[in-house]
Amino acid sequence: MHSLSCRRHLHRSVGVVCAAVLLAACSSSAEKGQNDEKSEPEVSATPTMLGTVGLQLPLDAYDATREETDALQQGQGVLISRCMERFGFRYSLPPRPVSATTGGANARIFGVVDASEAARYGYNVPGDARAPERTPESLTASEELALHGAPDLTPTDMPKSQAEAEKEGGGKQRINGRSVPVGGCGREAFLKLYAPEPNAVDALYVFNLKSQAESRAREDSRTKTVNKYWSDCMARKGHTVSDPMNATTELGIPDDALASPAAITAAKADVRCKKEVNLVGVYFAVQSAYQKRQIDKNSETLDLAKKQLKNRLKLTASLISSP
């Protein structure tokens, strides 16, 4: 019996025995729901996996790809530029970092797994993203106000959707006779693209679900078991480390030495041990199980997020293609 129904029936009950029976049913239902959430999801099969090139996890179906994310950034830049033009300013968004990394967005989701990359780059990411050279634009006070809005704004001051922003009619500040949007052109562009209506799903919704699934997967007994096997393997190769997702920190390898000879030696051992214990296969199976649980639990919101992403990409395509 649903716990809400139980409470309603309890208020109507006319006997101690009846109330006790219903209360027991309610408690059983509530405990079952809590146990379902805290229990480890079933993994029907654990594949043997040696790499992560092109790897797809269940929640990826609801998220933007790397290429789509780049397009969305470009579309947002067009909206900012158009808004700034209303106030008589020319502005273009700084270019995004360019990356030559191959293998897809999940290529390093379980750390370094490719033997040839480990031998050449150690723990460093090949083709790591670097921002193109560009001299930062010096903005006037008026341009700064148009771009970002009043400097004393707080998150509670910001409209949550473009519909709300248009209803409120902009902020108190004016430039060249026009009212500056609350939060400036940056906020207006974000709302037009990501939250045109009040029912917009949070832009980070899918990302947050992925993060939750990853956190729970890392605490899963099956993940901890394979971590122990991997750690034992690393110890046999002369490396004292317990967490494959935190290897460089535990090994004392600084960020500026990820491709050093010592890092390369450790990374090569890391990859060999991951393959020996099938760490990638276990991580993939367990994390997929937690993501599937998130999908089952949040299917309605996820379907809406997917629909809104499709609409967002359609708008982006029109923005980029227009002269």
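**Reading burial, salt bridges, disulfides and a helix**

Guide: Start with Arg222. Its relative accessible area is 27%, so Arg222 is partly exposed. Buried means under 20% relative accessible area, exposed means over 50%, and partly exposed lies in between (1.4 Å probe, protein chains only).

Visitor: What should I know about the model and its numbering?

Guide: The model is predicted, so local features need pLDDT of at least 70 and side-chain atom pairs count only at pLDDT 80 or more, while totals for chains, interfaces and linings use all residues. Residues are numbered from 1 along each chain as its sequence is written, and side-chain values use heavy atoms, with hydrogens and water left out.

Visitor: Which side chain does Arg222 meet in a salt bridge?

Guide: The criterion comes first. A salt bridge puts a side-chain nitrogen of Lys or Arg within 4 Å of a carboxyl oxygen of Asp or Glu. Here Arg222 meets Asp220, at 2.8 Å from N to O. Asp220 is buried, at 1% relative accessibility. Glu40 joins Asp220 and Arg222 in a network of salt bridges.

Visitor: How many salt bridges does the whole structure hold?

Guide: The search finds twelve. Among them is Lys224 with Glu219, whose closest N and O atoms are 3.3 Å apart. Lys224 is partly exposed at 44%. Glu219 is exposed, with 54% relative accessibility.

Visitor: Where do Lys192 and Glu188 lie?

Guide: Helices here are DSSP runs (H or I, at least four residues), numbered from the N terminus. An α-helix has 3.6 residues a turn, so residues three or four places apart point the same way. Lys192 and Glu188 both sit in helix H7, four residues apart, about one turn. Their side chains form a salt bridge at 3.5 Å, N to O. Lys192 is partly exposed at 30%. Glu188 is buried at 9%.

Visitor: How many disulfides does the structure hold?

Guide: A disulfide is a covalent bond between the sulfur atoms of two cysteines. The cut-off is a pair of cysteine sulfur atoms within 2.5 Å. The structure holds two. One pairs Cys83 with Cys185, sulfur to sulfur 2.1 Å. Cys83 belongs to helix H3 and Cys185 to helix H7, so this pair links distant parts of the chain, 102 residues apart. The torsion about its S-S bond is about -70 degrees, so the disulfide of Cys83 and Cys185 is left-handed. Cys83 is buried at 1%, and Cys185 is buried at 0%.

Visitor: Which cysteine is joined to Cys233?

Guide: Cys273, with S to S at 2.1 Å. The link of Cys233 and Cys273 is left-handed, with -80 degrees about the S-S bond. Cys233 lies in helix H9 (residues 221-236) and Cys273 in helix H11 (residues 261-277), so the pair ties together parts 40 residues apart in sequence. Cys233 and Cys273 are both buried. With the bonded cysteines numbered in sequence order, the pairing reads 1-2, 3-4.

Visitor: Which residues of H13 are buried?

Guide: Leu302, Ala305, Gln308, Leu309, Arg312, Thr316 and Leu319. The buried residues of H13 pack against helices H3 (66-86), H7 (184-194), H8 (205-218) and H12 (279-297). Contact here means heavy atoms within 4.5 Å.

Conventions. Helix = DSSP H or I, 4+ residues; strand = E, 2+ residues; numbered from the N terminus.
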